Amino acid sequence: MIRNGHGTAGGAERPGSGARRAVRVWCDGCYDMVHYGHSNQLRQARAMGDHLVVGVHTDEEISKHKGPPVFTQEERYRMVQAIKWVDEVVPAAPYVTTLETLDKYGCDFCVHGNDITLTVDGRDTYEEVKQAGRYRECKRTQGVSTTDLVGRMLLVTKAHHSSQEMSSEYREYADSFGKCPGGRNPWTGVSQFLQTSQKIMQFASGKEPQPGETVVYVAGAFDLFHIGHVDFLEKVHSLAARPYVIAGLHFDQEVNRYKGKNYPIMNLHERTLSVLACRYVSEVVIGAPYSVTAELLDHFKVDLVCHGKTEIVPDKDGSDPYEEPKRRGIFCQIDSGNDLTTDLIVQRIIKNRLEYEARNQKKEAKELAFLEAVRQREERPEGESDSDF
């Protein structure tokens with residue numbers, strides 16, 4: 001297993017709380033194309049206990065039950081490890097959550113969102129722990145899903161930037177994945193994310209730079225926040241003994257100017273939460289200026305400005321966006337050793353488009369079958385046994 005933070009093993013006592021044993025919480029999942037919805041689930045789960053253990057399924061298990069994942073299992077292990085509410089990661093976790101798994105890792109109960117997770121044969125993967133009373137539920141984050149993100153990439157439109165710009169093609173896609181006989185499907189439906197100050201407060205650390213900390217500034221789109229970003233931020237974080245990393249996120253229109261096509265895939269509010277969930281980031285500037293100005297550097301008392309090995313696109317007037325930090329001698333380029341980019345992720349999906357579309361349709365069909373089975377069970381005449389059903 002991969003450990004984060006300072007959590008200890010199953011029988012550990014909670015520091016400063018006498019003999020009370022720390023409450024260990026289990027979460028598991030595919031965590032493919034990790035987004036702020038995943039992070040929010042883990043945040044809620046961590047708040048239910050003292051130590052969060054997260055199991056991540058293998059590529060083989062996901063392919064068997066759902067279809068091909070976008071990211072490899074190693075990439076997914078490291079993405080989950082980078083989420084600041086995660087204390088421990090368990091690679092190759094079983095797809096079906098059992099009491100044996102919870103006991104093996106000393107977990108009191110498991111937490112999952114209020115959505116459906118089914119095996120290849122249509123069974124609830126949490127059935128055993130639910131029956132044993134060792135299951136807790138958290139609220140699913142509305143407005144985002146892996147299905148939606150894949151759709152945004154495949155359609156190559158800018159409809160996702162604004163609900164008012166939604167094209168007929170994007171609306172048709174949203175409806176095709178979001179409807180069932182009873183109306184909108186709450187698990188695969190596509191909807192617009194609504195940012196609130198409460199959500200930002202839940203994700204933000206709320207800590208200001210302390211004396212002796214090195215303030216490091218990085219800027220970019222950080223679109224589809226992925227393992228390439230994580231590796232870069234981890235490298236930046238390691239540059240100082242006591243780092244305070246500030247990430248400047250550019251406006252959607254600015255990102256579209258220098259990236260083109262339908263970028264950014266995620267809007268500014270979505271990207272903000274994704275970056276805030278990373279353990280290597282202390283603060284986020286929402287809608288940072290493209291050029292790193294003297295005013296910005298002075299305001300945040302920046303000691304160091306870093307950029308990766310990606311191309312530095314000139315500002316609208318043709319100037320170097322890092323001219324000021326270079327003049328001050330505080331600019332450096334960082335090689336994270338990872339060449340993964342948002343473009344490459346989109347290419348992975350486009351290359352396997354038919355497989356991903358089949359995966360989404362398969363998921364919807366299983367959910368509909370499960371809901372129908374539940375409906376029939378609820379309408380069953382009183383006294384009729386499960387064996388008759």
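The model is predicted, so local features need pLDDT of at least 70 and side-chain atom pairs count only at pLDDT 80 or more, while totals for chains, interfaces and linings use all residues. Residues are numbered from 1 along each chain as its sequence is written, and side-chain values use heavy atoms, with hydrogens and water left out.

Let's start with helix H3 (residues 73–81) and helix H9 (residues 227–237), which pack at an angle of about 50° with their axes 10 Å apart. That angle makes H3 oblique to H9 (under 35 degrees counts as roughly parallel, over 145 as roughly antiparallel, 65 to 115 as roughly perpendicular and the rest as oblique). Where the two helices meet, Glu75, Arg78 and Met79 in H3 touch Ile227, Val230 and Asp231 in H9, contact meaning heavy atoms within 4.5 Å.

H9 also leads us to the largest pocket, where H9 gives the most to the lining, with three residues. A pocket here is an open set of points on a 1 Å grid over the protein atoms alone, where a 1.4 Å probe fits, with protein on both sides within 12 Å along at least five of seven lines; lining residues have an atom within 4 Å of a point. About 830 Å³ of space lies in the largest pocket. Its lining has 32 residues, with Lys259, His307, Thr310, Glu311 and Thr341 nearest the centre. Besides H9, the elements that give two or more residues to this lining are strand S9 (214–220), helix H10 (252–259), strand S12 (304–307) and helix H14 (342–351).

Terms used:
Axes fitted to C-alpha atoms, helices over the stretch in contact; angles between N-to-C directions. Helix = DSSP H or I, 4+ residues; strand = E, 2+ residues; numbered from the N terminus. Points joined across faces, edges and corners; volume = space filled by probe spheres on them.
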